[in-house]
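This briefing covers the nonpolar core, the surroundings of the ligand and the sheet of the structure shown below. The topics are taken in that order.

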Amino acid sequence: MTTPIEAVRLPDPRPVYASLLRERPFAFDERVGAWVAADAAAVRTVLGSPALRVRPPAEPVPAGITGTAAGEVFGDLVRMTDGDLQRRLKAVVTDALGTVDAGRTRALAAGHTRDALTVRQDRPDLFQDLMFGVPARTVASLCGLDRDAGAEAARAIGDFVQCIPASATPEQQRAAAVAAAGLRELLGPGIEAGESGTGLLGDLVRAATRASWSGTAPLLANAVGFLSQTYDATAGLIGNTLVALARGTAKVPGTPEETEALVREIVRYDAPVQNTRRFAAEPFAYAGSTVEPGGQVLVVLAAANLDPAVNPDPHELRPGRADPVVFTFGAGAHRCPGEEIAVSIATAVAGELIAAGLAPGDLPPEPEYRPLANARIPLL
Ligand code: HEM
């Protein structure tokens, strides 16, 4: 049987998730070497438990980047830490991201999309640039970087994110360290400008002041985090939306509102982030089983989205679905604070492509997927 890790890159992972939901909503999987939480109740409980942490307690920073700029950034990311400091810094990050105006994000993303369509038309990497480059350049613009610095940051973040998976090679870790140093140089001035700074970085500093947070290094690290958290996940959201159009699973939207409704339903139906992990620091008891300290839980967000207990007719792609229950942006203390930015960017990119005359037949309906363990990103 296919593992939930292998499912991430299948043309259709839904049958694998449906059988997990029916047969093994919370169980140990020898092949994965971890407990697998699949249904909505298990995923919610796992993500809400303080016994389960985002990093292995013995290795808060991957050994291969410890002592490098990449390790310093990694160690300060709210995404990669737990406890009181994470909670305080998360409040600052969430406050700052909450100030971002959706209309401005859409306008910036639409502008970067039009630029890419002009500059890169007929280039084989056009869709890769629309999926990865445009979201990164949009968040760089929100951070106040100009066009050249934004393009440089978008390139560097591609190198930085390579150090995040446990499978990173020493070469990837070295490249990530160089990228992290470059990203700190690009974003540093926006943080050092302090409370009078403009854009998202100025908002981050002002949010820190409101929360009586002092210490600029963690702010700078989490500014890098805005770009790294955007990168793969938003690429997947754009790609999976385009694949639904190419396959004819979704009809081509006629208005910006319809495009946004489609993007929001793709988040649930074909999640760009399919799973995340937790590591037991203390015993975690659930449904008659116990995850002992040192144990891992694979949290299959994409399966929980398809749980009929929370979403009726879960296998139907239904833009505008009433009250969907969606786990793609996580839950609990680490829930993603970037949802609205991600949806705004994906809506703008898809909308511009449709306005430029993209027809479903212009894309492969059955693409290969990047060989990743948690993000579902088609190779278009
Ligand atoms: C489709 C796009 C995106 C998806 C699917 C996504 C999904 C997620 C998920 C699942 C988590 C939690 C991981 C866990 O609990 O293990 C997370 C955390 C986070 N995301 Fe996103 N994300 C997206 C885009 C963004 C964007 C655009 C930003 C900001 C510009 C962002 C900022 C963050 C941050 C700062 C965290 C860490 C929160 C914490 O650990 O407390 N994300 N994201």
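In this predicted model, the largest nonpolar core comprises 121 residues. Helix H11 (residues 216-247) supplies the largest share of this core, with 17 residues. H11 also gives the largest share of the shell around the ligand, seven residues.

**Nonpolar core**
- Ala-37, Phe-160 and Val-300 are the residues with the most contacts inside the core.
- Not counting residues up to four places away in sequence, Ala-37 touches Phe-26, Ala-42, Val-43, Val-46, Val-297, Val-299 and Val-300.
- In soluble globular proteins, nonpolar side chains tend to be buried together.

**Surroundings of the ligand**
- The ligand is surrounded by 26 residues, of which the closest are Ala-233, Gly-330, His-334, Cys-336 and Gly-338.
- Two or more residues of this shell come from each of helix H5 (84-98), H11 and helix H14 (339-355).
- Classified by type, the shell contains 15 nonpolar, nine polar and two charged residues.

**Sheet and packing helix**
- Five strands form an open sheet with mixed pairing, in the order S1-S2-S7-S4-S3.
- Strand S1 (26-29) and strand S3 (52-53) are the edge strands, each pairing on one side only.
- Strand S4 (residues 276-280) and strand S7 (residues 296-299) run antiparallel and are joined by four bridges.
- Arg-277 has Leu-298 in S7 as its bridge partner.
- Helix H3 (residues 40-48) packs on the sheet and touches S1, strand S2 (34-37), S3, S4 and S7.
- The direction of H3 makes about 130 degrees with that of S7.

Definitions and conventions:
Residues are numbered from 1 along each chain as its sequence is written. This is a predicted model: local features need pLDDT of at least 70, side-chain atom pairs count only at pLDDT 80 or more; totals for chains, interfaces and linings use all residues. A nonpolar core is a set of buried Ala, Val, Leu, Ile, Met, Phe, Trp, Tyr and Cys residues joined through C-beta atoms within 7 Å. A residue is buried if 20 or more other C-beta atoms lie within 10 Å of its own, exposed if 12 or fewer, and partly exposed in between; C-beta atoms are placed from the backbone. Two residues are in contact if their C-beta atoms, placed from the backbone, lie within 7 Å. A residue is near a molecule or strand if its C-beta atom, placed from the backbone, lies within 6 Å of it. Ala, Val, Leu, Ile, Met, Phe, Trp, Tyr, Cys and Pro count as nonpolar, Asp, Glu, Lys and Arg as charged, and the others, Gly among them, as polar. Two strands pair if DSSP finds at least two bridges between them. Axes are lines fitted to C-alpha atoms, for helices over the stretch in contact, and angles run from 0 to 180 degrees between N-to-C directions.
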